[in-house]
Structures are given as structure tokens and as C-alpha cells.
Amino acid sequence: DPVSGEPTAYRPPVYPLFLAAIEYWNGAEWGIGLAQALLGVATVWLTIDVGRRLGMPQGGLIAGLVVAIDPLHLYQTAQVMTETMAAFLGILCWNLSLRRRVWWSSLLLGLVFGLACLCRPTFWVFGFLGGCGWLVNRIRTFRTLGWQGGAEIQSAVVTLAGMLVVVAPWVNRNYQ
């Protein structure tokens, strides 16, 4: 709080920390603009890659083109607001979730999802629904095929651990 000097929890910390890092390195306005533009370009590229990973390379190109010319996305990229970073982190989560599951990709997915939640808390809903869907699928598989998927459970635990590593300091700060 600017008046009392007491810490507040009004805003999730990722985007303000991102801006502070740019300012620290003397980025000023041009640095923020460049960073926003790079996030926008990376969002387009990741959208195209998600289409490729889903087996729809032409669809990915079309989706990437739509993201590249979307007036709202272009407008928000020019603003100092969380939308551009949230779009980037969201598509990065999707991209990472489509990769082959090894421990480090699961950990990276958890870390990025944690950052997304600390950028825009609405990502928690996506994570909760995705986790519920995964759990229902595991229960259904267990009922029909018996115990299988130990590697999937290990991957889920590593993903959850990565997310907790990122989110725990913020939760602890708010608790204090």
C-alpha cells in the first residue's frame, strides 16, 4: 500500500515483476514495447506449433495467422497489461502439455502453469477442470484395464510439484 507501506495482494506478481526486470535493465518504454512484441510473436509461433503437434499443420498456420492479425491481441500487445503475457503463457502451457512426457517436461509444464496462475488467476479454473478430467480418465482406465499408468501419475506429481514451487511463495506471502 503506497500510504501505509504494508504489503498488499491486489495484483498477481508475475507481470509487475516482468516490468520491474525490464526497468532494472534500463529498458524503459522501448524495452517494455519490445518485450510485449516478442511475447506476441512467440504466441503466434506457439499457436502454429500446437496445430502441428495436434496433427493439423494447415490448421495451425491458420490459427497462427488469426492470432497474428487479431485486433484485440494486437491492441493489447501495445498496452502495458497482462493480456499479452497471459496469452503467451496459456499457449505455452498447451504446447508443453502436448510434448512427450519426461520428468523435465512435466516439471516445466508445472512451472509455466504456476507462472500463468500468478499472471492471471483465472488459469486456476483451467487447471482445476483439467485435473478433474485427468482424474476421471484415470478412474475410468483403472475400472476397465486395471492398474496402469504409473508413469502418468509420476508425471502428474512432478507437474504439480513444479506448479507448487512457483506458487508457494505467493501463497505464503498472502498468508503472512
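Start with the crossing of α1 and α2, which is right-handed (a crossing is right-handed if the near helix is turned clockwise from the far one by less than a right angle, and left-handed if anticlockwise). Select α1, residues 14-24, together with α2: the two pack at an angle of about 130°, their axes 9 Å apart. Axes here are lines fitted to C-alpha atoms, for helices over the stretch in contact, and angles run from 0 to 180 degrees between N-to-C directions. That makes α1 oblique to α2; angles under 35 degrees count as roughly parallel, over 145 as roughly antiparallel, 65 to 115 as roughly perpendicular, and the rest as oblique.

Now show side chains. On α1, pick Tyr15, Phe18, Leu19, Ile22 and Glu23; on α2, pick Ala28, Gly31, Ile32, Ala35, Gln36 and Leu39, and you have the contact between the two helices (contact means heavy atoms within 4.5 Å). Color these by type and you get eight nonpolar, two polar and one charged. For that coloring, Ala, Val, Leu, Ile, Met, Phe, Trp, Tyr, Cys and Pro count as nonpolar, Asp, Glu, Lys and Arg as charged, and the others, Gly among them, as polar.

A word on what you have open: this is a predicted model, where local features need pLDDT of at least 70 and side-chain atom pairs count only at pLDDT 80 or more, while totals for chains, interfaces and linings use all residues. Residues are numbered from 1 along each chain as its sequence is written, and side-chain values use heavy atoms, with hydrogens and water left out.

**Zoom out for a moment**

Switch to cartoon view for the whole protein chain: eight helices and zero strands. Helices (H or I, at least four residues) and strands (E, at least two) are DSSP runs, numbered from the N terminus. The C-alpha trace spans about 60 × 50 × 25 Å along its principal axes. Of the 176 residues in the chain, 33% are buried (buried means under 20% relative accessible area, exposed over 50%, partly exposed in between, with a 1.4 Å probe and protein chains only). Among contacts with a separation of 6 or more, 64% are between residues 24 or more positions apart.

**Next stop: α2 against α3**

From α2, highlight Thr43, Val44, Thr47, Ile48, Gly51 and Arg52, which meet Pro57, Gly60, Leu61, Ala63, Gly64, Val67 and Ala68 in α3. The residues of this contact divide into seven nonpolar, five polar and one charged.

**Salt bridges**

How many salt bridges are there to find? The count comes to three, a salt bridge being a side-chain nitrogen of Lys or Arg within 4 Å of a carboxyl oxygen of Asp or Glu.

Arginine 52 is partly exposed at 49%. Aspartate 49 also meets arginine 53 in a salt bridge, at 2.9 Å from N to O. Arginine 53 is partly exposed too, with 30% relative accessible area.

For the other one, select arginine 120 and glutamate 83, where the closest N and O atoms are 3.6 Å apart. Arginine 120 sits in the loop between α6 (103-119) and α7 (123-145) and glutamate 83 in helix α5 (residues 83-97), so the pair ties together parts that are 37 residues apart in sequence. Arginine 120 is partly exposed at 29%, and glutamate 83 is partly exposed at 24%. Shared partners join Asp49, Arg52 and Arg53 into one network.

Click threonine 84 in helix α5. Is threonine 84 buried or exposed? At 0% relative accessibility, threonine 84 counts as buried. Leaving out residues up to four places away in sequence, threonine 84 touches Gln36, Leu39, Gly40, Thr43, Gln76 and Thr77. Draw a distance to alanine 37, 47 residues apart along the chain: the C-alpha atoms are separated by 8.7 Å.

Last, go to threonine 159 in helix α8 (residues 150-175). Threonine 159 counts as buried at 18% relative accessibility. Its partners, not counting residues up to four places away in sequence, are Ser106, Leu109 and Gly110.
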